[in-house]
Amino acid sequence: MISLKVLVEDKVLDGSNLESEHGLSFYIETSALKFIFDCGQTDIAWKNALKMGVDLHGINFVVISHSHYDHAGGFPSLLKRANIKKIYTGRNFWQEKFSKTADSKNADGYKYRGAGFTFQDLARWKIEQKICDDILELDENAWLIGNFDTRYKFEIPEKFVRGEDKIADNFDDEICLVLREGDGVAVVVGCSHVGILNIVSTVQKRLDLPIKTVIGGIHSDDMKIFARLEDFGVENFCLCHCTGEKLRADFAAGSVLEF
């Protein structure tokens with residue numbers, strides 16, 4: 001059995017004593033592994049984990065879907081609670097991230113959105129970085145996939161840029177997690193900046209397995225995209241974080257899924 005627990009996202013379940021923030025973090029258990037997918041932006045995920053009875057000491061590694069602050073920013077605070085020796089990322093993870101903003105405090109018109117730590121920090125912490133270029137098997141029930149085919153270019157947002165020259169961000173650092181679900185798979189995403197249709201179509205092509213469930217943030221409230229996902233055969237949607245209100249599910253910090 002595979003278990004997924006929502007440690008933090010933008011909301012909490014009604015009546016919960018957990019905290020929320022604009023960020024995302026999941027705790028995953030397979031038959032062989034225990035790990036974190038995304039880290040939120042602060043240490044709230046780890047405080048919630050304690051309240052949820054999640055033992056962070058048993059974690060093998062961390063997966064970070066992309067290097068935005070609301071998915072990577074909580075990583076340094078996790079090191080105070082778990083003996084992390086390895087993180088999995090996509091390629092070009094260390095390119096600095098920004099977004100266009102009308103905030104008068106930012107004279108150049110851009111706001112920093114990056115992870116808040118560096119490759120040099122990893123070396124100092126003695127943590128190994130493993131890069132997923134295309135497909136990387138974690139165990140017989142879990143894979144990481146990146147380097148997505150971009151058939152649906154309209155999905156990639158225009159407000160995000162990267163690097164010193166502030167070029168348009170194509171989010172080639174983004175990766176997703178795929179978990180076995182019966183005779184198919186569940187796709188776990190962070191923000192789907194590269195486009196949820198691009199992600200799902202790539203996963204289906206590379207694994208040749210039916211996609212039953214999509215979990216996480218899809219950075220959209222476009223019902224047409226939702227309909228296209230159903231055309232791909234997706235049956236279940238556990239959408240949260242950056243997903244528009246029209247498409248969000250009752251899926252928040254404290255939620256638990258089992259496959």
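Trainee: Let me start with Ile84: is it buried or exposed?
Mentor: Ile84 has a relative accessible area of 4%, so it is buried. The cut-offs are under 20% relative accessible area for buried, over 50% for exposed, and partly exposed in between, with a 1.4 Å probe and protein chains only.

Trainee: What kind of model is this, and how are the residues numbered?
Mentor: It is a predicted model, in which local features need pLDDT of at least 70 and side-chain atom pairs count only at pLDDT 80 or more, while totals for chains, interfaces and linings use all residues. Residues are numbered from 1 along each chain as its sequence is written, and side-chain values use heavy atoms, with hydrogens and water left out.

Trainee: Back to Ile84, then. Where is its place?
Mentor: Ile84 is in the loop between helix 3 (75–78) and strand 5. Helices (H or I, at least four residues) and strands (E, at least two) are DSSP runs, numbered from the N terminus.

Trainee: Which residues is Ile84 in contact with, leaving aside its neighbours within four places in sequence?
Mentor: They are Ile59, Val62, Phe75, Leu78, Leu79 and Ile127. Contact means heavy atoms within 4.5 Å.

Trainee: Let us change topic to rings. How many aromatic pairs does a search of the whole structure find?
Mentor: The search finds 13 aromatic pairs. Rings of Phe, Tyr and Trp (its six-membered ring) pair if their centres lie within 6.5 Å; planes under 30 degrees apart count as stacked, over 60 as edge-to-face and the rest as tilted. Trp94 and Phe117 form an edge-to-face pair, because their planes stand at 80 degrees, with the ring centres 5.8 Å apart.

Trainee: What parts does that pair tie together?
Mentor: Trp94 lies in the loop between strand 5 (86–90) and strand 6, and Phe117 in the loop between strand 7 and helix 4 (119–125), so the pair ties together parts that are 23 residues apart in sequence. Phe117 is buried at a relative accessible area of 4%, whereas Trp94 is partly exposed at 27%.

Trainee: Which other ring does Phe117 form a tilted pair with?
Mentor: Its partner is Trp125, at 5.9 Å centre to centre and with 50 degrees between the planes. Trp125 is partly exposed, at 24% relative accessibility. Ring pairs also build a cluster out of Phe75, Phe93, Trp94, Phe117, Phe119 and Trp125.

Trainee: What about charges? Which ring has the charged end of Lys166 4.3 Å from its centre?
Mentor: That is the ring of Phe98. Lys166 also lies over the face of Tyr110, at 5.6 Å from the ring centre. A charge sits over a ring if NZ of Lys or CZ of Arg is within 6 Å of the ring centre and within 35 degrees of the ring normal.

Trainee: Now the sheets. In what order do the strands of the 4-stranded open sheet come?
Mentor: The order is 7-6-11-12, with antiparallel pairing. Two strands pair if DSSP finds at least two bridges between them. The edge strands are strand 7 and strand 12 (167–168), each of which pairs on one side only.

Trainee: How many bridges join strand 6 and strand 11?
Mentor: There are 3 bridges between strand 6 (residues 97–100) and strand 11 (residues 160–162). In strand 11, Arg162 is the bridge partner of Lys97, and Phe160 is that of Ser99. On strand 7, Tyr110 stands opposite Lys100.

Trainee: And which strands form the open sheet with mixed pairing?
Mentor: That sheet has 6 strands, in the order 9-10-13-14-15-16. Strand 9 (135–139) and strand 16 (236–239) each have a single partner strand, so one side of each is left without a neighbour in the sheet.

Trainee: Finally, at what angle do the axes of helix 5 and helix 6 cross?
Mentor: They cross at roughly 10 degrees and come within 10 Å. Axes are lines fitted to C-alpha atoms, for helices over the stretch in contact, and angles run from 0 to 180 degrees between N-to-C directions. Helix 5 is therefore roughly parallel to helix 6; angles under 35 degrees count as roughly parallel, over 145 as roughly antiparallel, 65 to 115 as roughly perpendicular and the rest as oblique. Ile196, Leu197 and Val200 of helix 5 meet Ile225, Arg228 and Leu229 of helix 6.
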